[in-house]
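Hello,

Here is the structure I promised to pass on. Please have a look, and my notes follow below.

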Amino acid sequence: MKKMRTIIAAVLACATALSFTGCSNAKKLQDEDFFYEALDKGAKIDEDDCYHEKNTYANGDKVEYMIVARDGDNYYSYLRFKDAEDAMDYFEDSFYDSFSEAIEDDEFEGYHKNAVTKHSATVVFNGDLEDSTPLYFYYTSFYSYSDTEFYGGVFVVDNVYIEVFSVDGSKRDKEKIDNVLKSLGFPKPQ
């Protein structure tokens, strides 16, 4: 009986982790059109308003397709790496290390939730970063001289790395972030 409970608990934990990280959309995310549709549906950003590039590099690793867009205080990035390991390495080396350090040093105050596995990651946040604290994203890095509010998330599913976030955004900016996250199948911050 004890063994059965352990198996059931493990299955439920795996199912929760998979749904939280958006793995159900893994195949959809492989197609950049899915990201374009989410931007159009959630934030009214047309494909023509995005910068995109094929066969480029990020941190020396091959990126098959890259999309970046900015709408006022909102930032959107999509990088489809050649290999899943490269996507996770990029996530850890760029965003996650700086974000984790800010949390450990009590320089980020507010809501944040992380779920990181070998080939997927979900980090959602809604809070303030203290002044003079660096935070690195693909689209742009931040080192502000005043407290700065961040709202959104960073995600990795297999070989795809995605950023959807707002910096000192209005209520309407945050609604757009929520709409894009919903369209992509990712959780929104609380």
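Helices (H or I, at least four residues) and strands (E, at least two) are DSSP runs, numbered from the N terminus.

This is a predicted model, in which local features need pLDDT of at least 70, side-chain atom pairs count only at pLDDT 80 or more, and totals for chains, interfaces and linings use all residues. Residues are numbered from 1 along each chain as its sequence is written, and side-chain values use heavy atoms, with hydrogens and water left out.

Buried residues of α3 include F34, F35, Y36 and L39, where buried means under 20% relative accessible area (1.4 Å probe, protein chains only). The buried residues of α3 pack against several elements, among them β2 (61-71), β9 (160-167) and α5, with contact meaning heavy atoms within 4.5 Å. After α3 comes K44, with a positive phi near 60°.

D173 lies in helix α5 (residues 171-184). Leaving aside neighbours within four places in sequence, D173 touches D73, N74 and S166.

On aromatics, rings of Phe, Tyr and Trp (its six-membered ring) pair if their centres lie within 6.5 Å, and planes under 30 degrees apart count as stacked. The count is 16 aromatic pairs. F137 and F150 are stacked because their centres are 5.9 Å apart and their planes at 25°. Both are buried.

Best wishes

Notes. Buried means under 20% relative accessible area, exposed over 50%, partly exposed in between (1.4 Å probe, protein chains only). Rings of Phe, Tyr and Trp (its six-membered ring) pair if their centres lie within 6.5 Å; planes under 30 degrees apart count as stacked, over 60 as edge-to-face and the rest as tilted.
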